Amino acid sequence: QLQSEVVNETKSLDDAQARQEANQKFQQGHLLLQQLQQQQAQLLDQQKQIQQQQQHVLPHSPQGQQLQQKRTLLQKLQEEFKQQQTLLQHELKEGSLILQKGQ
């Protein structure tokens with residue numbers, strides 16, 4: 001009987017530790033999501049600045065071509081961030097469901 005009590009106590013400690021680790025990962029995921037959203041906002045600002053600069057430059061000039069390359073690169077980064085954000089939101093949703101079931 002003593003052995004089964006020790007096993008049960010160990011199991012409940014393991015469960016508590018697993019819940020705590022899952023909760024920490026969940027919190028870290030939310031922080032990462034916030035950082036991604038901030039970076040996306042910065043990218044959008046940079047894109048707007050480039051668009052404004054492009055209005056004052058001939059498209060085929062070296063400066064115009066350089067601005068277009070920057071704009072294209074920023075658009076690609078924006079798409080990657082959106083994909084990462086979607087994946088992270090999906091993982092957070094799953095993590096939330098797992099935490100809710102465990103409590």
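Visitor: What share of the residues in the chain is buried?

Guide: Buried residues, meaning those under 20% relative accessible area (exposed is over 50%, partly exposed in between, with a 1.4 Å probe and protein chains only), make up 20% of the 103 residues in the chain. This is a predicted model, in which local features need pLDDT of at least 70 and side-chain atom pairs count only at pLDDT 80 or more, while totals for chains, interfaces and linings use all residues. Residues are numbered from 1 along each chain as its sequence is written, and side-chain values use heavy atoms, with hydrogens and water left out.

Visitor: Why is Gln47 called buried?

Guide: Its relative accessible area is 12%, and the term applies under 20%, so Gln47 is buried. Gln47 lies in helix α1, residues 2-54, where a helix is a DSSP run of H or I with at least four residues, a strand a run of E with at least two, both numbered from the N terminus.

Visitor: Which residues does Gln47 touch, not counting those up to four places away in sequence?

Guide: Gln47 touches Arg71, Leu74, Gln75 and Gln78, contact being heavy atoms within 4.5 Å.

Visitor: What makes up the largest nonpolar core?

Guide: Twelve residues form it, among them Phe26, Leu33, Leu74 and Phe81, and the name requires buried Ala, Val, Leu, Ile, Met, Phe, Trp, Tyr or Cys residues joined through side-chain atoms within 4.5 Å. Helices α1 and α2 (62-102) each supply at least two residues of this core, and α2 gives the most, with six. Leu33, leaving aside neighbours within four places in sequence, is in contact with Gln85, Leu88, Gln89 and Leu92.
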